[in-house]
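Visitor: Can you walk me through the disulfides in this one? Keep it simple, please.

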Amino acid sequence: MALTLGFLLLLGLCWNTISEGPPSSTTRGSDVLEFELPTRNYETKDSYKPGPIGVLFQAVHIFLHVVQPNAFPEDILRKIIQNKFDLSADNEKVIRYEVGIIICAVLGLLFVILMPLVGFCFGLCRCCNKCGGEMHQRQKRNGPFLRRCFAVSLLVICVFISIGIIYGFVANHHLRTQIEKTRDLADSNFRDLRTLLNETPSQINYILGQYTTTKEKAFSDLDNIKSLLGGGICEQLRPKVIPVLDDVKAMADAIKETHEALLNINSTLRDLKRSTAQLNTSLSDIKMNLEQSLSDPLCSVPPVTATCNDIRMTLNQLDDNTNVDQLPSLQNQLVNVNDVLRTDLSSLVQEGYKSFNGIPEMVENQTTDMVSDIKSTLNSIGSHIRNINEQISIQDKLSSFMDPINYIETYIYRKLPTLEEYDSYRWLGSLVVCCLLTLIVVFYYLGLLCGMFGYDRNATPTRRGCISNTGGIFLMAGVGVSFLFCWILMTIVVLTFVVGGNMEKLVCEPYQNKKLFRILDTPYLLNENWKYYISGMVLNKPDINLTFEQVYSDCKENKGIYTTLKLENRYNISEHLNIQEHTGNINSDFENINIKIDNIVLLDEAGRQNLMDFSSSGVDRIDYDAYLAEIAKPPTKVNLLSFADKLEEKANQLPHGSLKRSLTSNAQTIRTIYHDQVIPLGSSMRRIYRSIQDLQHKSSGLGMKVVNIISSLDSAQDFITNHISSIIVQESKKYGNTILGYFERYLQWVKISITEQIAACKPVATALDSAVDIFLCSYIIEPMNLFWFGIGKATLFLLPAIIFAVKLAKYYRRMDSEDVYDDVETIPMKNMPKGNIGFHRHQTTQTL
């Protein structure tokens, strides 16, 4: 039943999937489009672990390998199947392969036949006071040693028997427990199969539905053609255009800054000339006043004369130190720059920027019709995909497979109560078998217990105690029960051994190492007209290399039905998912795109002439060094503060009078001139010095800068004129490839999903594993093999146990007679003659 279930599930799902055909296009997007099929979680585990009892199963496997070391007979099975299971043609090979099992079975049958006969003869023999039946024990020198040896041997054998019985109990309980799990195992497998059948259509619908996401992404890019395509064209032109426009804009700013600098310098220069003239007048007046003061008669009186002479010698220092009034005016350059500013170069540059930045809008305006056509084409592709889905009708085809699943499920659930009922009978019978062995070994254990603890070494055989005698009776009871039932136990062992051993070696092991599938995959084996049976049944093409082993392995790896069954031989996904078939018109639209961008003017002739006029304005030809050298001089030849301080110091050396007052007043006037005129004049000179330096820096190499800018303008304008068409074609192709790339990746993902992910058939392989590897082999065969292994071992050890029990009972039971010596104290044992000389029999009565 288990094999049939698994095989039907595999073939049924395979056959149903054939008629589904491949789903149409699926999903996938660009960098931001990431699609993934919803994951499915199945209940049934794909592996089974028996737990600690697995160690015992492994011991049975080792024993079977010793008994049956031959490799899996693939050739023999192929011939048997080809001969319609007629074993007569290859019986010699079959016997040679089964020789280990046959020998064990024959030995078991001999045990079954001989043990009852031996027991019957043994009973008759003992009834005739033979075979140890005579209740007389002849005393021997090694009697105590033999008793101990027999007891230890029987105890060891009983331990081995007990281990075998434990194996039997464990196997019986494990088998019953696993049978109880069969319903849950079947439930989980059927739920997994239904999940597979129910989710496969939803997976296909999900994939088909994701076309809308891909289309919406394409529509979004088409709506943003202004920034994507137009922006791409701008990005190609930007390295050539923007630096040039930035240079022109910087030059326009430089013109304005130069004008402001010239105005500032010219104005400051006039102020300097006026301030210098005023300072010169003030110094001349002070100088005149000092000369008048020094004409005082007091200066002719020594020692005042020396002081006045010192003051008179310093008067030539009170003079202007600069010739600012001789510096030429910058009015001509200012006039030229004013003429240049009459043309608004900044506005012309902004027109260049505007012309360049208007490229995306021009692209958008010229591609309106093309975008509309592409959108219509994409909508028609979506309709085509939906039509394919409707033509496949996967849901209807998968729904038709639900009936076989339901039928198999109903059949299994109808048979499960019968299986559980039969298993209860089996469990009860196995329990009886184990209990019989337990009864026997309990007799032996009780016999050993009573015999060892009740034995009195000082008691003669006829005077042994009740406990010791009871131990001997228990041992003989165990012997009797052993003879009565051991042949029945061995019969059960032989039957289960032959069945379980062959199932393990011919079904379970080859199923696990896939050699069983190789038998089924033998060409022309299952059908004389088909080389490969499964490909002939599924694809109607028996020459295609599609094997049971490959199908099982692929399903085990959770591959899709399409790849597993090589459905490309019936429905080629690649042909139906050909991007060129659906997007040929779109490709043509992008290749024939016609965008004209021919009115890009970076800077017109007026702007160019403006730059040339600025370069010839003479700003760069100003003698900046002369200006800087003159303005860098201090306003006066001497520091007026120091001069005033010295003058006042010398005046203080003079006696009080008009001369002293006059000199002191002039010193104060000099300080006033310094604070009111010299300090502001020096500040203005420093400012104009910095302004002249800045203007010198800006005007340095002005002509070459303008020439370079105009040359770059010409180069950029030529680049736009000569390369704009190729750039438009290049960017249009890139943009088109981006749009088409969405659908190429989408269809590629569809292909991968259909071939590798949709209808992943792992539940089918799991169902087959559950039926064969788990239910048949792990649930039934392995516990059954452990059962016969344990019971067989216990039954075999009954044979030596019988011998040692019979021998040992003689030392525990109370005898009817014993050997009595005439002079046992005076006659050494070693000098006693052989035979009965020196003793005679003493009779007693024993009541049992």
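**Cysteine links**

Guide: Cys-508 and Cys-777 form a disulfide (a pair of cysteine sulfur atoms within 2.5 Å). Their sulfur atoms are 2.0 Å apart. This is a predicted model, where local features need pLDDT of at least 70, side-chain atom pairs count only at pLDDT 80 or more, and totals for chains, interfaces and linings use all residues. Residues are numbered from 1 along each chain as its sequence is written, and side-chain values use heavy atoms, with hydrogens and water left out.

Visitor: Where do Cys-508 and Cys-777 sit?

Guide: Cys-508 is in helix H15 (residues 466-512) and Cys-777 in helix H27 (residues 762-796). They are 269 residues apart. Helices here are DSSP runs (H or I, at least four residues), numbered from the N terminus.

Visitor: Is Cys-777 buried or exposed?

Guide: Buried, at a relative accessible area of 2%. Buried means under 20%, exposed over 50%, partly exposed in between (1.4 Å probe, protein chains only).

Visitor: How many disulfides does the count come to?

Guide: The count comes to 3. One of them joins Cys-555 to Cys-761, S to S 2.0 Å. The torsion about its S-S bond is about -105°, so the disulfide is left-handed.

Visitor: And what does Cys-299 join to?

Guide: Cys-308, with S to S at 2.2 Å. That link is left-handed too, with -65° about the S-S bond.

Visitor: New topic. Which cysteine sulfur is nearest to that of Cys-466?

Guide: That of Cys-450, 9.1 Å away. Cys-466 is in no disulfide. Cys-466 counts as exposed, at 56% relative accessibility.

Key
Helices (H or I, at least four residues) and strands (E, at least two) are DSSP runs, numbered from the N terminus.
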